[in-house]
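Let's walk through this fold together, from its overall contacts down to one pair of helices.

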Amino acid sequence: MQDEKDIIIHLQKGDEIAFKWVFDTYKDRIFNTILYMVQSNEEAEDLTQEVFVEVFLSVENFNVQSKLYTWIYRIAINKALNLQRFKKAKKRFGNLLSIFHLSPADEIPDFVHPGILLENKELSESLYRAIDQLPEKQKTAFVLRQLEDLSYVEIAEVMQTTIPSVESLLFRAKQNLQKYLK
Amino acid sequence: MDNFGNKKLVQHRINAPEGMYYQVRERIVKERMRMARTRQQLAIGSALLLIIGGVNIGIILFSKSEKPHKTNNSTEQILYETYFDNQTPFLK
């Protein structure tokens with residue numbers, strides 16, 4: 001099963017072998033992307049599952065001319081951003097409640113990537129904290145470029161934007177990270 | 001770390017947890033069942049609405065309004081004639 005169009009056609013027919021192939025090919029990349037975005041192992045696992053459920057159920061509407069993996073990445077990024085928005089809103093509401101002493105605001109613990117060695121933990125904590133502070137679009141572009149190694153064209157396709165816009169987002173993301181990490 | 005343009009960040013990659021595929025399959029089955037149930041509920045709801053609407057229209061079309069008995073009281077007689085004799089033929 002090498003030709004992507006073939007795989008999409010099989011997927012659209014509900015072929016489980018094609019789905020298993022897609023899952024095995026992209027699960028690690030999608031899991032890692034989501035992990036960088038949401039910075040929580042459990043949530044990344046849950047969202048990765050959700051992404052593949054959506055891939056299987058909505059592949060009928062997928063345009064064969066587009067690239068499959070950019071579509072899967074787009075679903076993953078959207079789900080991760082939605083979860084983050086929800087978490088931020090919840091945190092804001094929690095802070096509001098804590099002002100009135102109704103409920104204490106929950107502190108989000110620093111994220112430690114499961115793949116990081118013990119001696120690098122401190123450095124990685126500050127790096128992930130800085131990445132988490134970036135605005136949504138900058139964070140997405142940065143994760144896809146620096147951590148997922150996607151090309152500018154691919155990032156533009158995933159984010160449904162132009163290449164100059166991706167370049168600008170990455171430039172600003174780097175500037176902001178340097179500022180946060182000083 | 002201070003020059004992202006030239007240096008690549010260390011990519012900390014881990015594998016997705018084992019057994020995830022079976023959890024995904026389970027979720028797909030559950031999601032399909034939920035979608036089927038929603039479709040079924042929609043179909044039942046639409047059918048019920050159609051039946052209720054049909055019954056209501058039937059009642060309106062086939063019901064005959066009952067006229068009160070004529071009385072010898074002149075005031076009532078005038079009211080009766082003013083009201084019922086000016087109605088549309090549908091209500092007569």
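In chain A, 54% of the contacts between residues at least 6 apart in sequence join residues at least 24 apart; a contact here means C-beta atoms, placed from the backbone, within 7 Å. This is a predicted model, in which local features need pLDDT of at least 70 and side-chain atom pairs count only at pLDDT 80 or more, while totals for chains, interfaces and linings use all residues. Residues are numbered from 1 along each chain as its sequence is written, with chains lettered from A and ligands numbered from 1 in the order in which they are written.

Chain A has 8 helices and 0 strands, taken as DSSP runs (helices H or I, at least four residues; strands E, at least two) numbered from the N terminus. Of its 182 residues, 33% count as buried, that is, with 20 or more other C-beta atoms within 10 Å of their own.

Look next at helix H3 of chain A, residues 41-58. Its buried residues include A:Leu47, A:Val51, A:Phe52 and A:Phe56. The buried residues of H3(A) pack against helices H2 (16-38) and H4 (68-99) of chain A, together with helix H1 (20-62) of chain B.

Finally, turn to helices H6 (residues 136-147) and H7 (residues 152-159) of chain A, which pack at an angle of about 140° with their axes 10 Å apart. Axes are lines fitted to C-alpha atoms over the stretch in contact, and angles run from 0 to 180 degrees between N-to-C directions. From H6(A), A:Thr140, A:Ala141, A:Leu144 and A:Arg145 make the contact, meeting A:Ile155, A:Val158 and A:Met159 of H7(A).

Notes. Contact = placed C-beta atoms within 7 Å. Buried ≥ 20, exposed ≤ 12 C-beta atoms within 10 Å, placed from the backbone.
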